[in-house]
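Please look over the sequence and the fold shown below before reading on. The paragraphs after them are meant to be read with the structure open.

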Amino acid sequence: MCFSFHLGTLDNKCTVQKNSTFLVSNGCISSAPVEITSCSGLCETSSIYSAEANALVHSCSCCQEMTTTKKEATLTCPDGSNISHSYIYIGSCGCKASDCSGQSTSLRRRRRRL
């Protein structure tokens, strides 16, 4: 389930974020930092009344990966051996439609209990 906020204009649009870190797997570590990517930012979420449905219509989207590639890194193990480790690299991010009907139901239940 996705949560986002609409604050007029989207200053922090959904984009690829890059971070350098050492990869660690099964006690083995990369000899140099590796660029790891993630998706972060705001996407559109709304509720609007529909006269036709006589109900609120919810529209949600989440900031998610759009394209990915598999990359390889060499990790050095404590015994001095090297292993090849594959990881997923995000090439682009975007807002993908998602189901937000469960979110409104749980919020309604919480409000009734208060």
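This is a predicted model: local features need pLDDT of at least 70, side-chain atom pairs count only at pLDDT 80 or more; totals for chains, interfaces and linings use all residues.

Residues are numbered from 1 along each chain as its sequence is written, and side-chain values use heavy atoms, with hydrogens and water left out.

The chain has 7 strands and 1 helix, where helices (H or I, at least four residues) and strands (E, at least two) are DSSP runs numbered from the N terminus. Read along the sequence, the elements follow the pattern β-β-β-β-β-β-β-α. Of the 114 residues, 22% count as buried; buried means under 20% relative accessible area, exposed over 50%, and partly exposed in between, with a 1.4 Å probe and protein chains only. The accessible surface of the chain comes to about 8,100 Å², and 52% of this surface belongs to carbon and sulfur atoms; the areas come from the Shrake-Rupley method with a 1.4 Å probe, and for residues only the protein chains shown count as cover. Among contacts between residues at least 6 apart in sequence, 56% join residues at least 24 apart, a contact being a case of heavy atoms within 4.5 Å.

In soluble globular proteins, nonpolar side chains tend to be buried together. Here the largest nonpolar core has 7 residues, namely L23, C28, V34, A73, L75, C77 and Y87; such a core is a set of buried Ala, Val, Leu, Ile, Met, Phe, Trp, Tyr and Cys residues joined through side-chain atoms within 4.5 Å. With neighbours within four places in sequence left aside, C28 is in contact with L23, L75, T76, C77, P78 and I83.

On the surface, F22, V24 and I29 form a nonpolar patch with about 280 Å² of accessible area together. Patches are made of residues with over 30% relative accessible area and no salt bridge, with like charges joined within 9 Å and nonpolar side chains (Val, Leu, Ile, Met, Phe, Trp, Tyr) within 5 Å; a salt bridge is a side-chain nitrogen of Lys or Arg within 4 Å of a carboxyl oxygen of Asp or Glu. F22 is found in the loop between β1 (15-21) and β2 (24-25), and F22 counts as partly exposed because its relative accessible area is 41%.

Several serines can be followed from here. S30 lies in strand β3, residues 28-30, and counts as buried because its relative accessibility is 4%. Not counting residues up to four places away in sequence, S30 touches F22, L23, T74 and L75, and a polar atom of the S30 side chain lies 2.9 Å from the backbone oxygen of A32. S25, in strand β2, is also buried, since its relative accessibility is 17%; beyond its neighbours within four places in sequence, S25 is in contact with L75 and H85.

S81 lies in the loop between β6 (55-76) and β7 (82-98), and is classed as partly exposed because its relative accessibility is 31%. Although S81 and C28 are 53 residues apart in sequence, their C-alpha atoms are 8.9 Å apart in space.

S86 lies in strand β7 and is partly exposed, because its relative accessibility is 32%.

Two asparagines deserve a look at the backbone. N26, placed in the loop between β2 and β3, has a phi near 50°, a positive value in a residue other than glycine, and N26 counts as exposed because its relative accessible area is 77%. N54 is in the loop between β5 (45-50) and β6, with a positive phi near 50°, and is exposed because its relative accessibility is 57%.

Conventions. A polar contact is a pair of N or O atoms within 3.5 Å; within protein, one must be able to donate a hydrogen and the other to accept it, and residues adjacent in sequence count only if both atoms are side-chain atoms.
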